[in-house]
Amino acid sequence: MPVDSCPESRPALSHREKQVLAYVAAGFSHKQVAKRLGISVHTVSTYLRRIRSKRTAPTVAHLIHLGLVEGVVPASNS
């Protein structure tokens with residue numbers, strides 16, 4: 001299933017959605033993301049649900065790829 005990065009018909013990700021996406025794509029747990037951003041774990045889940053409603057990213061692997069495509073996670077040089 002391809003990741004739908006940014007077609008014109010889909011709304012852009014908010015700043016906070018990009019922050020959450022960056023942490024999740026970098027491998028942080030929901031609890032770790034919540035602590036770093038000063039929000040609840042439930043709110044992290046809400047942001048991820050919103051991201052998934054705007055983009056096709058049903059799995060964590062898709063979220064990681066989406067993070068790379070959206071430019072919120074730098075590509076590894078390894």
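Reader: How many salt bridges does the count come to?
Author: This is a predicted model, so local features need pLDDT of at least 70 and side-chain atom pairs count only at pLDDT 80 or more, while totals for chains, interfaces and linings use all residues. Residues are numbered from 1 along each chain as its sequence is written, and side-chain values use heavy atoms, leaving out hydrogens and water. A salt bridge needs a side-chain nitrogen of Lys or Arg within 4 Å of a carboxyl oxygen of Asp or Glu. By this rule, the count is two.

Reader: Which residue meets Lys54 in a salt bridge?
Author: Helices here are DSSP runs of H or I with at least four residues, numbered from the N terminus. Lys54 lies in helix H3 and its partner in helix H1, so the pair ties together parts that are 37 residues apart in sequence. The N to O distance is 2.8 Å, and the partner is Glu17.

Reader: Are Lys54 and Glu17 buried or exposed?
Author: Buried means under 20% relative accessible area, exposed over 50%, and partly exposed in between, with a 1.4 Å probe and protein chains only. By that rule, Lys54 and Glu17 are both buried.

Reader: Which residue forms a salt bridge with Arg55?
Author: Arg55 sits in the loop between H3 and H4, and its partner in helix H4, 15 residues apart. Arg55 is buried, with a relative accessible area of 1%. The closest N and O atoms are 3.1 Å apart, and the partner is Glu70.

Reader: What is the relative accessible area of Glu70?
Author: The cut-off for buried is under 20%. Glu70 counts as buried because its relative accessible area is 19%.

Reader: How do the elements of the chain run from the N terminus on?
Author: The chain has four helices and zero strands. From the N terminus on, the order is α-α-α-α.

Reader: Which residues is Ile51 in contact with, leaving aside neighbours within four places in sequence?
Author: Contact means heavy atoms within 4.5 Å. With those neighbours set aside, the partners of Ile51 are Leu13, Glu17, Leu21, Leu63 and Leu66.

Definitions and conventions:
Helix = DSSP H or I, 4+ residues; strand = E, 2+ residues; numbered from the N terminus.
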